[in-house]
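Here are a few friendly notes to read alongside the model. Take them one at a time, and look for each spot as you go.

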Amino acid sequence: MRPASRTALTALGAVGAVGVSAAVWGIGIERYLFTARRHELAVLPEGSPSLTVLHLSDAHMAPWQHRKQRWIADLADAVQPDVVINTGDNLGHDDGIRGIRAAFEPLRGVPGFFVHGSNDKVAPSGRNPLKYFTGPSDHPVRGRRLDTDALDAYLSDLGQTALDNTAASIRVAGLRVDALGVDDAHRQWDDLEAATTALEALPGDDSPRLRLGVTHAPYQRVLNAFTDAGADLLLAGHTHGGQVRIPFARKALVANCDIPLDQARGRSEWTHAGRTVPLNVSAGLGHSIYAPIRFGCRPEASVLVLRARRADDSPERRSAG
């Protein structure tokens, strides 16, 4: 064999070994490295006590995913949240509600809000992952219906309030928390007019308040509308943070929506019409059962410690972490 041929074969072998190692890491290890990412944000009215918000998203739960269920269940004691925000895609299997019950039960009694992703209503299906590089994914015309009613009843029983295309208000530690939310914008199920109208219809009073904008998919039209509606904090999921990323890269490779790729995961600032609002996009806790991999993008929950604004707070100083 010629030296050039031997060199080419050696190079191909090295590339193959790297690929196999990456697959083993992403499929066998990293997708189980659950992480709680903490951010501190100055968004509360002056003089308010701090609040801890647990932001959960994209569990894509299957009944056999016991490690994920245990890790989520342990968050209740580890975080001791004041508020839970759930940005959807809880179900990843026809019997996913069984795993959700095991994971979320310790959060019973903690108030909060939830919106739906499409996988809270329709079962996932296999698809070519390369299509994500051509733009946001499309959807089959038909899909197996999931037991959304059972999911909603359970989340409501835990103490969470549904926000699909509406608004609602809760009280936490003497603070009024108003929130508006939409159904899955990726499926174009969002009705922003209905959500903002419901927000305007909430009873008025002079209580100090926090206003949240909650969506599964962080499409720009939704984030812009929430910003226009006076939201103090925006929360979303859906992107999985890209799910497979170049390690340490600032930008995701894909986001499966029109959000800028450098805002597809974590805390950033959203600016629209001269107003800047903190945005947290959770990379999520799971993945489709048809794409069981995470690489350079660990599954996560967000722990948002909200504190009172100071007179000298600016958008650049609103968070640490």
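1. Start at Val 83, which lies in strand 3 (residues 83-86); strands are DSSP runs of E with at least two residues, helices are runs of H or I with at least four, and both are numbered from the N terminus. This is a predicted model, where local features need pLDDT of at least 70 and side-chain atom pairs count only at pLDDT 80 or more, while totals for chains, interfaces and linings use all residues. Residues are numbered from 1 along each chain as its sequence is written, and side-chain values use heavy atoms, leaving out hydrogens and water.

2. Is Val 83 buried or exposed? Val 83 is buried, because its relative accessible area is 2% (buried means under 20%, exposed over 50%, partly exposed in between, with a 1.4 Å probe and protein chains only).

3. Now see what surrounds this residue. Leaving aside residues up to four places away in sequence, Val 83 touches Thr 52, Val 53, Leu 54, Val 110, Pro 111, Gly 112 and Val 172 (a contact means heavy atoms within 4.5 Å).

4. Zooming out, the protein has six helices and 13 strands. Of its 321 residues, 52% are buried. Among contacts between residues at least 6 apart in sequence, 74% join residues at least 24 apart.

5. Finally, look at two arginines. Arg 67 lies over the face of Tyr 32, 3.6 Å from the ring centre, and Arg 101 lies over the face of Tyr 154 at 5.9 Å (the charge, NZ of Lys or CZ of Arg, must be within 6 Å of the ring centre and within 35 degrees of the ring normal).
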